[in-house]
Amino acid sequence: MFRNSQKNSVSVLFATGTVLAALWVFLSFYPFKKENESKNISPTPTADYQENTEFLDGISPVSSEKYSNSFKEWCQIDYRDLSKDAVFSEFANWLKQFQLHSLDLEKKDSGHQEIQALVSRGEQLALRRSKVLQRIIRGDPRKAIQLALAPQVLKTLPSSMEKHMEEWKSDFVDIKAMHVCYDPEHLGGYMNRHATLEDGTKLRAWVYGKRRNLPSIQGLSAWGISLGNDFAISDHPIQKMESDLGNQIIFGGKKILYSNVEELNLFMEEVSRAEQQAFFRQIPIRYPKIATSSGLTDYYDRKYALVPTPSTWQEAKSAAQENNGTLVIIDSAVENSFIRSLLDVDQVNYPGFDESGNQVDLVWVGASDYEDENNSFYEIETNASRFIELNATEGDWKWLDGTDVNSSSYKNWFNNQEPNSTSNVNQDYAAMNWSTSDGSWVDINGSYRLPFVIEYQLEDEPSQSTTTIDGFRKVLVIPARFEDEGYDYSGSTGPLVNEFGEIIYENLQKNSYEPVS
Ligand SMILES: [Ca+2]
Ligand SMILES: [Ca+2]
Ligand SMILES: [Ca+2]
């Protein structure tokens, strides 16, 4: 019996060994086949362009030896820095030359030999550069965005180079993320992402930083550069711009003006909150919607109203309700400094008065610890008001939407001294002291007469601005385009076109683009 079972064990071992050997043979060849199939980029960069081209189109001996067994898809994390590749400095030198000559270009015959040579060298460099840049997009999208030429420079290049140059994109995209890579060297695996743009274009998406774990999501604000089918997406939804026209951002492909840093910060916070909510609930992102022709100032003018009329807290609460808003509910430091900035700008116009009629630097906000306090709270989802019993008790403060002030992640009572109504039990209403640098809060008697701030929940689609200028509606689109054209083509008589190359506002342009002679 013992002998037999030993013999059986030997047979089993032998059989297992055979299977394992077969498996080993299979695995040794299988990945080679897969890697040959893929046109992906070698993880081993070299400064030499010729070698790089080989890598692009096939599989280098180094990469096959080192990586053949590890994965079937080229992985981002195997990338090594290519940003110092000689082609970038060569291209920069060429660009300098080109810019020097471009002034002469129009004067000279386009068949001029010198110019032809310059352009043809530019085309060759652009092709070389595009192959390296495409690999950087895949390996280090952040660096790729940094290396990209500014849009105004790209526009000046000869059209024959266009197909080799990166393109700036800003849009709301749908992301599909798929897990594709498991292997011992990449334990976390590897995500393959595609972005579908609003016009239906589908691009391979490359992410980094705060968006390195970007999941499938609809309606993501994305900007960055694309080259071929690759799209390097910035890890921030908002693209800041330097512009002669003032403070400007690009969001979802639209230029938006803003007046001060408080507006921008609050918008950035609302945007990131919208993303977090969508990621968490796995629903399409619902960003605050900004009409094309209106800036952030317009948007926040509709979202918050500062009412200067000195009013008791009850009067202020009722006025807000009557307007389908609520006395402002402050749930972050950014919102708090925005509200403070509303008063800061023009302090003298917003006086408040205490019980004895002395002037004070206070503004009502929507919080109370009075136990009979309630609110009728307008909800945008139902387009109806909801009655809320705040259930506050002395010292247990509630915002007018029913949330608890003291257990909120943000609160800003003055210097640990407020609220201090234990000895003065009738201090049951909150106000911001806007003369303090951080806009801290105090509790006071509701009979103070103060200015107040109403907060509205905005509709998804804002009412469009119908301002009429010279008989044209929403003509504000035009100045934004003028900036584009004027910046790059001063003196150009070219027509103003939309993104499809169609001439727009023809009547207006006749006057605007008449060449000055
Ligand atoms: Ca609020
Ligand atoms: Ca109190
Ligand atoms: Ca107090």
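Begin by selecting Glu455: at 15% relative accessibility, this residue counts as buried, a term that means under 20% relative accessible area, with exposed over 50% and partly exposed in between (1.4 Å probe, protein chains only). The model is predicted, so local features need pLDDT of at least 70 and side-chain atom pairs count only at pLDDT 80 or more, whereas totals for chains, interfaces and linings use all residues. Residues are numbered from 1 along each chain as its sequence is written, chains are lettered from A and ligands numbered from 1 in the order in which they are written, and side-chain values use heavy atoms, with hydrogens and water left out.

Next, display the calcium ion (ligand 1). Its protein donors are Ile329 (O), Glu335 (OE), Glu335 (OE), Glu455 (OE) and Glu455 (OE), at 2.1 to 2.8 Å. Donors are N, O and S atoms within 2.8 Å of the metal (3.2 Å for Na, K and Ca); because water is not among the atoms, sites may look incomplete. Glu335 lies in helix H11 (residues 333–344) and Glu455 in strand S19 (residues 450–455), so the pair ties together parts that are 120 residues apart in sequence. Helices (H or I, at least four residues) and strands (E, at least two) are DSSP runs, numbered from the N terminus. Glu335 is also buried, with a relative accessible area of 4%.

Glu418 sits in the loop between strand S16 (398–399) and strand S17 (429–433), and Asp443 in strand S18 (residues 441–444), so the pair ties together parts that are 25 residues apart in sequence. Both are buried: Glu418 has a relative accessible area of 16%, and Asp443 has one of 1%.

Then select strand S17, where 5 of 5 residues are buried. Tyr429, Ala431 and Asn433 are on one side, with Ala430 and Met432 on the other. In a regular strand the side chains alternate between the two faces of the sheet.

Finally, show the neighbours of S17. Strand S13 (residues 362–368) is joined to S17 by 4 bridges, and the two run antiparallel; two strands pair if DSSP finds at least two bridges between them. Here Ser368 stands opposite Tyr429. S17 and S18 are also antiparallel and joined by 4 bridges, with Ala431 opposite Val442 in S18.
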